[in-house]
Each structure stands twice: as structure tokens, then as C-alpha cells.
Amino acid sequence: MFEYMSLNIAPWGYEITIYFFLIGMAAMTFVYASAPAVYGNLFGGAARSAMEPFQTTGMILSLILLLICGPLLIADLGQPGRFLYPILYFHWTSPLSWGSLFLPLFGLCIVGYLFALATKRTSWLKPIGILGSLLALAMPLYTGLDLMVQQARELWSNPTIPVLFVILSVSSGTALVAVVLRISGKMTEQAVELLHWFLYLAVAVTFALFLAEWVVLNYGSAEKQQIWSIINSEYGWEYWGLTFLIGIVAPLILVAIPKLGRNANLLTLAAVLSAVGAYSFRAVLIYAGQLGQLYY
Amino acid sequence: MPIGLQAPPSLGVPGKKRWAMVIDLRRCIGCMACVCADKAEFDVPLGVWRTVVKVKNTGAFPNTKRHFMPRLCNHCDNPPCVRNCPTEATYKHEDGFVLQRYERCIACRTCIAACPYNARHVLPNNRDHVKIGGVVDKCTFCNHRVEKGLVPACVQTCLGRSRIFGDLNDPNSEVSRLVATHSTVVLKPGKGTQPQVYYIKPDRGLTEQAYSEPVSYAAKADARAFYRHNRSSKFFSGVL
């Protein structure tokens, strides 16, 4: 009954972090896989030539990730049997309700895209790809919004969180695509160019947002200062080691040096490192965000 | 009406009730009778609380003081838990209560994350007497008692009459008189939740947004145990 012990326990654990990570990965994988149909003429046609062989594989991977995410999220509920309630009793002010609606729709887009590929209905690919890409954007966006709307948690109640989660999903999705292309031997020069461009953008923006977060926490309110202290004392390794050094600085150095960044092996390594950072950054934000409580 | 609610706030609305609680900290002796009464009234399981009395030691020997801070759901007029619930399982009653529909709750714990007062918890599934489990629960201001003309269990049992309950819309009620005649504070007013638990004469250190590292041995031990327990190191974190 002293200052900390009668706090009720932290509500969100590993399942939520893994879900946030995997759904972001699934979303960006969908964007890459649908790129030939949706963004075929952009980047000088690089999206079409680089990602054409990846379409079916990417969609299947995205579907597999989604099939992991759904049950993981349901298993995390205290009442798994009621998993459809957020749709049945839809509450428009709750991002979780929107997420529950978008998640199956995103799944339908993946299945629809695969169906169109299998039956060679090429005219279906672009509309399904555009709709699916918007829903794919909604996936990391709603997970970030889910945190952003928690006005009681100052680490989360921050408009950069949804943007950060979208950017982190670009890193993790790029990592999956790079690994698959490398293993299957389909990492062409155009693919390297495309992935390098996206990874560079994602890691650089993550670096900027990491610095912004650092400044905000140090110059922020008492609760933010408390969270900063918690991050350093409880999650020091995850924050500075896994997220900053391994997940941001190392891949940024690799992609920033032109010779290294355009080497397929090093690019894949950089992407995997950035995915590690994408996971641990989310994990620290989710866990530490729940521990900052004053008055207790 | 603030967005996402199911009933507009009734504070100051003629013909409506607005139940509220005043806690006179000058009278609290830290006996924890309110905590026990609440545990008994609702069969609250071990490890979770609907109400607590926080204890804080300040000063250095021989100038020391022990502060007590009873805590419960603040039944806010603009409750973030209601706004964030994806199934409308938690809702605002027209008399001011913030209540929970157990049959609709999926225990996603968004409301726990949303609450600035840490007033919510998850009920385990394997309970002895009450069969409600696997859902989020909270203080209800004992609305089942209030509807029968009684006061909440914690108010009934409070030895020092530190907790006072009543209708703020009734100018003759004791809570109205206390709020009108005493300097009262609410917790975290900056969060915009419009809480309806009023404190009389709290120590500044108990309510102000000021962060300080735990100082006493007990507080340090509490902090270590709390962070160790809440690091989310377990898979399926055991919320049930």
C-alpha cells in the first residue's frame, strides 16, 4: 500500500507489441507486393520490374502474417469469444473499433488480390491494390492512434506516434521483402534500388523521430521526465542498444554509404537490423508508456 | 456533450442527479476499512483494487509525516475510458456514474490504459463466489446501493467520516456544502476529465504534477517490485 504496489498491473504486454510489429510488416509487404499494379509507372517503372516476381509470394506472406496477427490479438483478449463485438457494437470514437473493422477488410483485399492473380483478372489488380494499400496504411496508423488517443499517458498522447508506427512498418516490411528476395535469388538491381530508397527514407525518418522523442521527453512535463527515467533505468538496453545503435544508427550508416547500401547482402542486413529496431522501439514505447504514473 | 459518451454530463443540470464524493483528508487515519469494505462488497480478488489508500512518507527524522490518499474511480464527466472503449461496454450513466457492462466487455484493456487514475483492473476467471470474470472492472460508486437510498460501502464504513457521498446538484446535500465552503482539489485536472471526487486539504506533494524519485526504503522497494512485475516480460502477460 505504499507508493507503487497498489497500481493495477500493466495492461498490454508482448502480444500487443508482437501484433503491432507483425501487422506493420504485413501492411508494408502488401504495399510492395501490389506495387507493380499500383505504382508500376512510378520510380521509372522500377516498382513493376523489381516487384513483379514478388507479387504472389508477397501476398501469401502478408496473408500468413495476418493469419498470425488475428489469433494473437484474439488470444490477448480476456474474452476471446467476443472478438467480433468491436464490429457488432461499433464505437466510432475508439480507434480499436476502426482497427477491428479494417483488419478483416485488409485480409479480404489480400485474398482478392491473390484470386485476381490466380485467375489472371489483371483489371482487378489496380483497384484491389489501391484499396488494400489504403487499408495497409490504416493498419500501423490505427495501432499508433490507439496509443495516441490515451490522453492519460503522456508518452503516447503525441501526434508523432502514428507517423512513427507507419515508418517503422516500412522498415519491418522492407526487411521481410529483402530477406525473401535475397533467399530466393530474385534481388535484382532494380529491387536493390527500390528497397534501398525505402529503407533509407524509413531509417532516416525514424532517426529524426527518435531524436524528437528524446528532446520532448527531456524538455517535457514531470510525467515525461519520469518516463525518461523509467526508460533509462528499466529499458536502457532495449532503448539505447537495440533501438538506437542496432536498429537506427547501424542501418543508417550502411544505407547512407552508397557502395555499402547498394550491396544486396549489406542492404538485407541493414533492413533486418532496422526491423529489430522497429520491434524494440515499439516495445519500449508500449511498456514504458504504461508505467509513467504520478500521484501514486 | 463530449464526444463518445452515452449520456451528457449532469453536473448543474436542473432535475438531474450528479453523484459525487468528497474526501476530507484531514479526517483519514489510514485504517483501510474502506478498502476492506469494498473487497467484501464486491468479492474483489487478491492483487487488484477498486479503491486503495495510498500511503506516502515525507520528511526526515524527526520531522516526518505520513500522508494517506484514498483513491477510487473519479466518475469523470468527460471519461477517456468511455470514449476509448471499442464495444461501448463502459458507459456514462445519466446520474454521473461511469459503469461497466460485463456482458459486453472483451477485456482489451484500452480503458485501463486510458484511465489517468489507475482505477480499473481485470477480473480473473477463476473466482470463488462471483462468477463474473475475464472482464475489466472498476468502482461503481456502489450504484446498486445508491439506487436503494444507501451510501457506497466505503462511505458507510469510513471510521473518521472522511468519505462523504451525495448529489452535487442538490444544494442542501453535504457534498454540495463541503465543495462550496472548502477549498477542494481534484486529481489531474489538466487531463480534462472533469473528475467528480473532490479532496479537502491534500498535501501538495500528493496531488501536484511533480516527479520525484522514491526516497524511503519502502518506496524504493515498492518501485523495484512494481517495475519488475510490470516489465511485460511474460508471454500472455497473465492479465487473467
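Where in chain B does R109(B) sit? R109(B) falls in the loop between β5 (98-100) and α3 (110-114) of chain B. This is a predicted model, in which local features need pLDDT of at least 70, side-chain atom pairs count only at pLDDT 80 or more, and totals for chains, interfaces and linings use all residues. Residues are numbered from 1 along each chain as its sequence is written, while chains are lettered from A and ligands numbered from 1 in the order in which they are written.

**Confidence**
- The predictor scores the complex at ipTM 0.90 and pTM 0.91.
- Chain B has a mean pLDDT (the predictor's confidence in each residue, from 0 to 100) of 86, with 90% of its residues at 70 or more.

- Most residues other than glycine have a negative phi, and most peptide bonds are trans.
- R109(B) has a positive phi, near 70°.
- The F61(B) to P62(B) peptide bond is cis, with omega near 10°, and P62(B) lies in the loop between β2 (52-60) and β3 (63-71) of chain B.

**Helices in chain A**
- Helices are DSSP runs (H or I, at least four residues), and strands are too (E, at least two), numbered from the N terminus.
- α6(A) kinks by about 25°, centred on L141(A); the bend is the angle between axes fitted to the seven residues ending there and the seven starting there.
- V216(A), L217(A) and N218(A) of α8(A) meet K224(A), I227(A) and W228(A) of α9(A), contact meaning C-beta atoms, placed from the backbone, within 7 Å.

Conventions
Two residues are in contact if their C-beta atoms, placed from the backbone, lie within 7 Å.
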